Amino acid sequence: MPLNRRKFLQKSAVTGAGVALAGAVAAPSAEAAQGRRPARRYSLTVMGTTDLHGHVFNWDYFKDAEYSDKAGNAMGLARISTLVNRVRAERGRCNTMLLDAGDTLQGTPLTYYYAKVDPITAKGGPVHPMAQAMNAIGYDAAALGNHEFNYGLETLRKFEDQLHFPLLGANALDAKTQKPAFPPYLIKRFHVPGLPPVKVAVLGLTNPGIAIWDKAYVQGKLTFPGLEEQAAKWVPKLRAMGADVVVVSAHSGSSGTSSYGDQLPYVENSAALVAQRVPGIDAILVGHAHVEIPELKVTNEQTGRTVVLSEPLCFAERLTLFDFELVFRSGRWEVESVAASLLNSNTVEDDPKITKLLSDEHVKVVSYVNQVVGSATETLTTVEARYKDAPIIDLITKVQEDVVKAALAGTEYAALPVIAQASPFSRTSEIPAGEVTIRDLSSLYVYDNTLVAKVMTGAQLRAYLEYSAEYFVRTAAGAAVDVEELTNANGRPDYNYDYVSGLGYEIDIAQAAGSRIRNLTYGGAALDDGQQFVLAVNNYRANGGGAFPHVASAKELWSESTEIRTRIAEWVTAKGVLDPKDFASADWRLTREGTPVF
């Protein structure tokens, strides 16, 4: 076992003993320097990031340009490093901690490159750029995110070994022993002259949805019980071990909702529920939801105490600060107050130390994504793909159909018709006319999904499409249509709306959800509910992501580990020329009582 991992698992999580690091020593107070009794107060700042998703620099690899958005945000760990340095200078490094709430290992061409192109798992392979950056900045701990599992356990464990701090996951359990497979917590001691040290416990919790989303990697190996249940188990233990402050780093949003429906008995976004129901927690660093929460105060229903939550914006665009004020009473430290706030990465420049450290890795990835793989006869874009059948999405479904047909050739299922699903992941992706590069295709398919073939009936596909059509806001015939207000009904994200190629259908948005699919056909004839089809579907959806009906329980015929994005690049490379006549199809349209919307 590598030395640094052995260090973190010493007094192993399996035995329930935590990882205790020696605390930094605070500077002597003015009173102590003058020989008087030191103040019986202590100020502590816990900083936090979340959902970094491989963003080291303020760079958009898909656009091959400096990142910018309409809100004027900036991103990247190089900016966070500058903010962290500033806070440490102001408050004393020995009086601060730095945490992360997960989703570090996936999300940009940089993370893909060091997982697949120049993998960290290779013999003599590189140190992952995210590990290098986070080590250099000086993180104390990070919770596991669900995307940490996207490249499999070997890559995750290698990344863990490269870190100088623990990856925490109290609810990531060994499937056989049901004991933690990762350190569940960290305890850090902050020394105060003349008084006992302040003990800060950090409990790491990850998302139960991993059991669905990365089933292929974790089934039979790891289980992921609920955050609330595991917090109720561990927080009392941490208090019994003498923790004066308990901070939870949770890869779980605060809404109390789940994208996977009732497939799991645990809530996906349960951070606020944990605060409300589990006593003994002072603050929760929230992740997973990609929303900005400067400060959310939740009252614990058992103790009446306030728990402070904060979620910094993803991609290293914000840094959370939890400011704790403690007072020493009756022989122990007590938290007197907690306040949360955010710092914005757009207020500072990159830390030159991080730029120097990772400039070579950045250049390699830029060179990789700018490789030309073909040419396009016309510009293809996703701008209208949410509400119009766009050829650029048909490219995805065509590739998936071709791969699955080839995989099933010669099998007993070869005669079944193959259809495919795809989602409009991006609203800004564009494949320009002329040269097509890897980055163009990567911007179209931003996730590291892989391909699965499932058998579904006509009736099941009808239900699947009805569920997908719930994405649209009901709009009466004759009412004005605002495309900015037409989609994402009830908060449904774009990635949980699916096209299905190979079938013809209309979506009547004037009708109530559940009764919108009209004129559903296959091969020009009304769809036979009993007919069998092979659905070429991404692994996220195949495993139940988005809670689409029937697909998770459908019979699986085939799957692979090659990313759909890679399959698209291979298809374009083989064709040489990207021409819509080779893949575009008119499968569906929006209507209102039979009249096309567009």
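Predicted model: local features only at pLDDT ≥ 70, side-chain atom pairs only at ≥ 80, totals over all residues.
Residues are numbered from 1 along each chain as its sequence is written, and side-chain values use heavy atoms, with hydrogens and water left out.

Let's begin with helices. Two packed helices are described by the angle between their axes and the distance between the axes. Look for helix H5 (residues 129-137) and helix H11 (residues 352-369): their axes come within 10 Å and cross at roughly 170°. The names come from DSSP runs, numbered from the N terminus, with helices being H or I of at least four residues and strands E of at least two. An axis here is a line fitted to C-alpha atoms, for helices over the stretch in contact, and angles run from 0 to 180 degrees between N-to-C directions. H5 and H11 are therefore roughly antiparallel to each other (angles over 145 degrees count as roughly antiparallel, under 35 as roughly parallel, 65 to 115 as roughly perpendicular and the rest as oblique). On the H5 side, Pro129, Gln132, Ala133, Ala136 and Ile137 meet Lys353, Ile354, Leu357, Leu358 and Glu361 of H11, where contact means heavy atoms within 4.5 Å. Sorted by type, the residues of this H5 and H11 contact are seven nonpolar, one polar and two charged. For that sorting, Ala, Val, Leu, Ile, Met, Phe, Trp, Tyr, Cys and Pro count as nonpolar, Asp, Glu, Lys and Arg as charged, and the others, Gly among them, as polar.

Now for another pair. The axes of helix H12 (residues 391-408) and helix H16 (residues 564-575) also come within 10 Å, but cross at roughly 90°, so H12 and H16 are roughly perpendicular to each other. Here Leu395, Ile396, Lys398, Val399, Gln400, Asp402 and Val403 in H12 meet Ile564, Arg567, Ile568 and Trp571 in H16. The H12 and H16 contact has seven nonpolar residues, one polar and three charged.

On to the rings. A search of the whole structure turns up 27 aromatic pairs, counting rings of Phe, Tyr and Trp (its six-membered ring) with centres within 6.5 Å. Take Tyr42 and Phe190: their ring centres are 6.4 Å apart and their planes sit at 45°, so the pair is tilted (under 30 degrees is stacked, over 60 edge-to-face, and the rest tilted). Tyr42 lies in strand S2 (residues 41-49) and Phe190 in strand S9 (residues 185-192), so the pair ties together parts that are 148 residues apart in sequence. Tyr42 is buried at 5% relative accessible area, and Phe190 is buried at 0%. Buried means under 20% relative accessible area, exposed over 50%, and partly exposed in between (1.4 Å probe, protein chains only). Elsewhere, ring pairs join Trp213, Tyr260, Phe425, Tyr445, Tyr447, Tyr495 and Tyr540 into a cluster.

Finally, some single residues. Thr104 sits in the loop between strand S5 (96-100) and helix H4 (109-117), and counts as buried at 4% relative accessibility. Leaving aside neighbours within four places in sequence, Thr104 touches Leu52, His53, Gly54, Thr111, Met130, Met134, Glu148 and Phe159.

Most residues other than glycine have a negative phi. Asn488, though not a glycine, has a positive phi of about 65°. Asn488 is in the loop between helix H14 (458-469) and strand S24 (499-501) and is partly exposed at 25%. Asn519 has a positive phi too, near 50°; this residue is in strand S26 (residues 517-522) and counts as exposed at 55% relative accessibility.
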